[in-house]
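Have a look at the structure shown here with me. We will read it one feature at a time.

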Amino acid sequence: MSITKTCKKYTFPSNQVFHSCRDLPVLKAHLHWSYIPSTRSVHIAYRAAQTPKGWVSWAINPTGNGMIGSQAIVAFSRIDGSMNVYPTPINSYNPSMQPGALTIPVSNISATYGNNQMTIFAVLGPLVNGTTFNLVWQEGSTVSNGIPQMHSTSGPNIESVETLDFLS
């Protein structure tokens, strides 16, 4: 199976269902989500084209509209082929990319790799500042000693931001 270009036609291998989806404008990425009003939480699946040696990241930025301040989840394949996935705050243009606590509660984090794409699953919330957030997503080609390395600083990598209302 190849990467589906349209999120609405994608079926998750685990038969998970999300109420909404968006084909993101760059980096061959897609966001699927279900907003749960009773808990003010959002269940997400972020999927993007990637090789087994690269990494992907998806983030909410509750304080700005770019990379700095983003509350990210990063995923990459370990040497044994299993996935490593964890939260990491992005506090500078040279972040540590080490696991760390986010300002937004996050749970049920997992990731998969298959068909030349990585998918991050997570639940964020409760979201206390409404349902509209600035999103940032990213990808890089190298992981060294278990640490995602710097992504490109031009083209699609600097265009990977937008605002989304999880009620849409």
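The dialogue below takes up the sheet, a salt bridge and some aromatic rings.

Q: What should I know before starting?
A: This is a predicted model, where local features need pLDDT of at least 70 and side-chain atom pairs count only at pLDDT 80 or more, while totals for chains, interfaces and linings use all residues. Residues are numbered from 1 along each chain as its sequence is written, and side-chain values use heavy atoms, leaving out hydrogens and water.

Q: How do I read a sheet, and what is the strand order in the open sheet of 5 strands?
A: Strands of a sheet pair through backbone hydrogen bonds, either parallel or antiparallel. Here a strand is a DSSP run (E, at least two residues), numbered from the N terminus, and two strands pair if DSSP finds at least two bridges between them. The order is β6-β5-β4-β9-β12, with antiparallel pairing.

Q: Why is one side of β6 and of β12 left without a neighbour in the sheet?
A: Because β6 (83-90) and β12 (161-165) stand at the edges, each with a single partner strand. For β12, 5 bridges join it to β9 (residues 132-140), and Val136 stands opposite Val161 in β12.

Q: Which side chains meet in a salt bridge?
A: The rule asks for a side-chain nitrogen of Lys or Arg within 4 Å of a carboxyl oxygen of Asp or Glu. By this rule there is 1 salt bridge: Glu162 meets Arg22 at 2.6 Å, N to O. Glu162 belongs to strand β12 and Arg22 to strand β1 (residues 20-23), 140 residues apart.

Q: Is Glu162 buried or exposed?
A: Buried means under 20% relative accessible area, exposed over 50%, and partly exposed in between (1.4 Å probe, protein chains only). Glu162, at 14%, counts as buried, and Arg22, at 33%, as partly exposed.

Q: How many aromatic pairs are there?
A: Rings of Phe, Tyr and Trp (its six-membered ring) pair if their centres lie within 6.5 Å; planes under 30 degrees apart are stacked, over 60 edge-to-face, and the rest tilted. The whole structure has 6 such pairs. One of them, Phe76 with Tyr86, is edge-to-face, with 6.2 Å between centres and 85° between the planes. Phe76 is in strand β5 (residues 70-77) and Tyr86 in strand β6. Phe76 is buried at 2% relative accessibility, and Tyr86 is buried at 7%. Phe133 and Phe166 form a tilted pair, at 6.2 Å and 45°. Phe133 lies in β9 and Phe166 in the segment after β12, so this pair ties together parts 33 residues apart in sequence.

Conventions: Helices (H or I, at least four residues) and strands (E, at least two) are DSSP runs, numbered from the N terminus.
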